[in-house]
Amino acid sequence: MVRGLRVLRYVVVAVTLLLIIYKVSNKDVDLSEYTKKFGNVNSLRGTTGGLHGGKAEEDVSAPATTAGNSSPAPAQPNAADGLASTYERQNATFVTLARNQDLWAVVGSIREVEDRYNHKYHYDWVFLNDAEFTEEFKTIVSSFVSGKAVFGHIPPEHWSYPDWIDQEKAALVREEMNEKKIIYGFSEPYRHMCRFESGFFWRNPALDAYKYYWRVEPHIKLFCDIDYDLFAFMKNNKKSYGFTISLYEYEATIETLWKTVKGFMAEYPQHIHPNNALNFISDDGGETYNLCHFWSNFEVGDLDFWRSDAYRAFFDYLDKAGGFFYERWGDAPVHSIAAALLMDRSELHYFNDVGYWHVPFQNCPVDEETRRRLHCTCPSDDSLPPDQRNIFTWRGYSCTPRFHKVQGLERPKGWIEHTDK
Ligand SMILES: *[C@@H]1O[C@H](CO)[C@@H](O)[C@H](O)[C@H]1NC(C)=O
């Protein structure tokens, strides 16, 4: 009797398992049928790749391309996305600098961006690397991007010493900065990266086809839905540089940067915009730099700005001065100073509603209504490490309050709850 019951239980469990397997595999079939029927591979590819790893391969081979032959796909209004038929796809792409070993951190960032934003728009994504991407990297990454994934190679001349740099002098500086424990002061690749992001990412052929870009780094998080097209926002509001976090730079990394910038301003006054934002980066009319900069690991911007004669002249001037190697100039102050001096100040934009985290700071909307509407998961609870808990934007080390002041912007409701007291 007891034995009979046990057998019966096995049978029931086995049948249930079979039913579950049948259901799941049936779903797969349904999904691919749907894909075939509506021909919109892109809108489902992210989901398929994410939930049913085995199906990714057949989908990725076609959209993955190499640098040079990319161009934005035509608009694909899709009723399922809830986009109006008047929706106009922008000439834009994501761009990520990555190494092969960053694969899963890159996938994490893609997932954040796709889930909160790009599943509605399917913008392309350009990946850049100074080494060759592995097949594994390309296949896996392509399966997570809902637009086209493009893999570009960084030529050696964009990631090496220009001939006017004394490499022994540079090595001695690294040694000295290491002893002084200056962050990344010891690192040679970090310097190549900063110089690359300042002067070369926008020259990579893989980006030639695009106007707007959104820079995404490995390991980032997005805390809120983004319920509008950021690229269309940039275009419609004549914005050229958008940020989420701004802060003060470590002075020890840029000791002669401002002196060099002043040299540039004196020599090339024609490139300084008459309606610039100098008072964001200087408290004394340009005599000294107040160290404020936009945190460039997040940027939504206009590539044509970096491609302009004004910015090229600016970068070349800084590059000749050698501070990328003889000090440790970051691309964040370089981009920020350029944006503040060479653009019309109205082209700068703070994205209050983009909840963003990159170790160790976060930006999140402070007003409850916005947070609920955008399903924000801004972490504030004790379950998280302290560096992930606080909204940085309205605190002492942030330059964003100053940005509001000099731009004459109203602060969002609730900011006062998120200040240092
Ligand atoms: C996209 O923008 C780039 C840079 O401004 C431009 O060269 C290219 O022609 C544009 N492509 C389309 C399809 O408009």
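Helix α6 covers residues 167-179; at 1.5 Å a residue its 13 residues should span 18 Å, and the 19 Å between its end C-alpha atoms agrees with this. The expected span is taken as 1.5 Å times one less than the number of residues. Helices (H or I, at least four residues) and strands (E, at least two) are DSSP runs, numbered from the N terminus. The model is a predicted one, in which local features need pLDDT of at least 70 and side-chain atom pairs count only at pLDDT 80 or more, while totals for chains, interfaces and linings use all residues. Residues are numbered from 1 along each chain as its sequence is written.

Helix α6 is hardly covered, since the count of buried residues among its 13 residues is 1. A residue is termed buried if 20 or more other C-beta atoms lie within 10 Å of its own, exposed if 12 or fewer, and partly exposed in between, with C-beta atoms placed from the backbone. Just after α6, Lys181 adopts a positive phi of about 60°.

Strand β10 is covered on both faces: Glu299 and Gly301 are buried on one side, and Val300 and Asp302 on the other. This arrangement may be read against a general rule: in a regular strand, side chains alternate between the two faces of the sheet. Strand β5 (residues 212-215) pairs with β10 in the antiparallel sense over 4 bridges, and two strands are said to pair if DSSP finds at least two bridges between them. Within this pairing, Arg215 has Glu299 as its bridge partner. Strand β7 (residues 241-243) is also antiparallel to β10, joined to it by 2 bridges, and Gly242 stands opposite Val300.

Why does Glu299 count as buried? Glu299 does so because it has 21 C-beta neighbours inside 10 Å. Glu299 lies in β10, which comprises residues 299-302. Leaving aside residues up to four places away in sequence, Glu299 touches Arg215, Tyr241 and Phe243; contact requires C-beta atoms, placed from the backbone, to lie within 7 Å. The C-alpha atoms of Glu299 and Trp214 are separated by 5.5 Å, although the two residues are 85 apart along the chain. An unreviewed UniProt entry lists Glu299 under "active site"; UniProt positions follow the numbering used here, feature names are shortened, and annotations may be inferred rather than shown by experiment.

The largest nonpolar core has 93 residues, and Val126, Phe127 and Val141 have the most contacts inside it. Helix α14 (residues 331-342) gives the most to this core, with 8 residues. Domain 2 (45-153) and domain 3 (356-418) both contribute residues, so the core lies between them; the domain bounds come from an automatic or database assignment. A nonpolar core is a set of buried Ala, Val, Leu, Ile, Met, Phe, Trp, Tyr and Cys residues joined through C-beta atoms within 7 Å.

Terms used. Two residues are in contact if their C-beta atoms, placed from the backbone, lie within 7 Å.
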